Amino acid sequence: MSRRNTSAANARAASVAPSVARPDSPPPDDDEEAPTFDLIDDLQQHGINVQDIQKLKSASIHTVQGVKGMSKRNMCKIKGHSFDKADWRRAVNAGYDPSKEAAIKILGSSFLPASLVLANRKGVFWISTGSKAVDGILGVYGEYRTGKTQLAHTLCVVAQLPKDMGGASGKVAYIDTEGTFRPERISQIADRFNLEPGPVLENIVHARALNSEHQMELTKDLGERLAEGGYRLIIVDSIMALFRVDYSGRGELSERQQKLAQFLAQLTRMAEEFNVAVLLTNQVQSDPGATMVFTAGGALKPVGGHVLSHASTVRMFLRKGRGDERIAKLSDSPDRPEGEATYKLAEGGWEDV
């Protein structure tokens, strides 16, 4: 699972069973990375007053990158902002936006040489799934009892490991939409990696989403936490559960997809701004018109339609195998070929068969 612009499980082969005890998690890095974002407070140096900056923060904009990426139309909707005034509206409509102009001065041009883009991608980090067989192939979707939530729990621990052990040395934010988060499982998985459960749990922030609106509101609160630094992974388990409850039937399908697109856009923006990976687990539904020849999941397809499909950089379908075996099939990736790997669900989370 990777950094800025991914929203699915991804991995690199790494050691998953350290033989020596580890210090408090995440352990300190000797080469501490510099922040990959500019705090919105830097706008004060370019003439933006403190009141407007506070209003931007109230709208879950905490970085200069967030200001640059917000449309002028949405900027005008921020209640209490200077843009609410008629003269500011006229200025914005004419193409002038003080906050965005200041952000552009700080960040520079949006066009970069491909060589610089390649250099920036060296800041990408990879998080192991806990199964080396799956690490080579990585919205994770699948039917029940295939290990979606177990993967989420495993990554809560692995993300805190040092980078040379397949981790990211960072904290985790967990949005739980089904009430399936279990701290006890985190403790069991921590024992597998010889980590103290207490510090591991302290590095995980958990929120129980009560409905789809609350789920979207949690991302606004999350932006403030990410601006504090130290986070490396966001987990949403599962992405569509509450949307399926709040919006039913074809009559509400269009509104549901619009809200879903807005939620995914928020996650994508945060992933890019704060250099965090995003794991989305998803449910499946029957597709009678599909066949095993044409689709990864046969008669099953992920919920959420094309909106969710296009928002996910890497997608992996999980299905049951023989006995305790589970099979992970890579169904979509921009830089990896299709492939399958087997894994099992053990007391320590995802493990090789």
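Two strands count as paired if DSSP finds at least two bridges between them. Strands (E, at least two residues) and helices (H or I, at least four) are DSSP runs, numbered from the N terminus. This is a predicted model, where local features need pLDDT of at least 70, side-chain atom pairs count only at pLDDT 80 or more, and totals for chains, interfaces and linings use all residues. Residues are numbered from 1 along each chain as its sequence is written, and side-chain values use heavy atoms, with hydrogens and water left out.

Here are the strand pairings to look at.

| Pair | Sense | Bridges | Facing residues |
|---|---|---|---|
| S9 and S10 (residues 340-346) | antiparallel | 5 bridges | Glu-325 and Lys-344 |

The S8 and S9 hairpin has 4 residues between its strands, and Gly-323 takes a positive phi near 60° there.

Now for the inside. A nonpolar core is a set of buried Ala, Val, Leu, Ile, Met, Phe, Trp, Tyr and Cys residues joined through side-chain atoms within 4.5 Å; buried means under 20% relative accessible area (1.4 Å probe, protein chains only). The largest one has 31 residues, and Ile-127, Ile-204, Leu-233, Ile-235 and Leu-279 have the most contacts inside it. Elements giving it two or more residues include helix H9 (183-192), strand S4 (231-237) and S8. Helix H8 (148-158) is also on that list, and H8 gives the largest share, 6 residues.

Setting aside neighbours within four places in sequence, Ile-204 is in contact (heavy atoms within 4.5 Å) with Cys-156, Gln-160, Val-172, Tyr-174, Phe-181 and Ile-186.

Key:
Buried means under 20% relative accessible area, exposed over 50%, partly exposed in between (1.4 Å probe, protein chains only).
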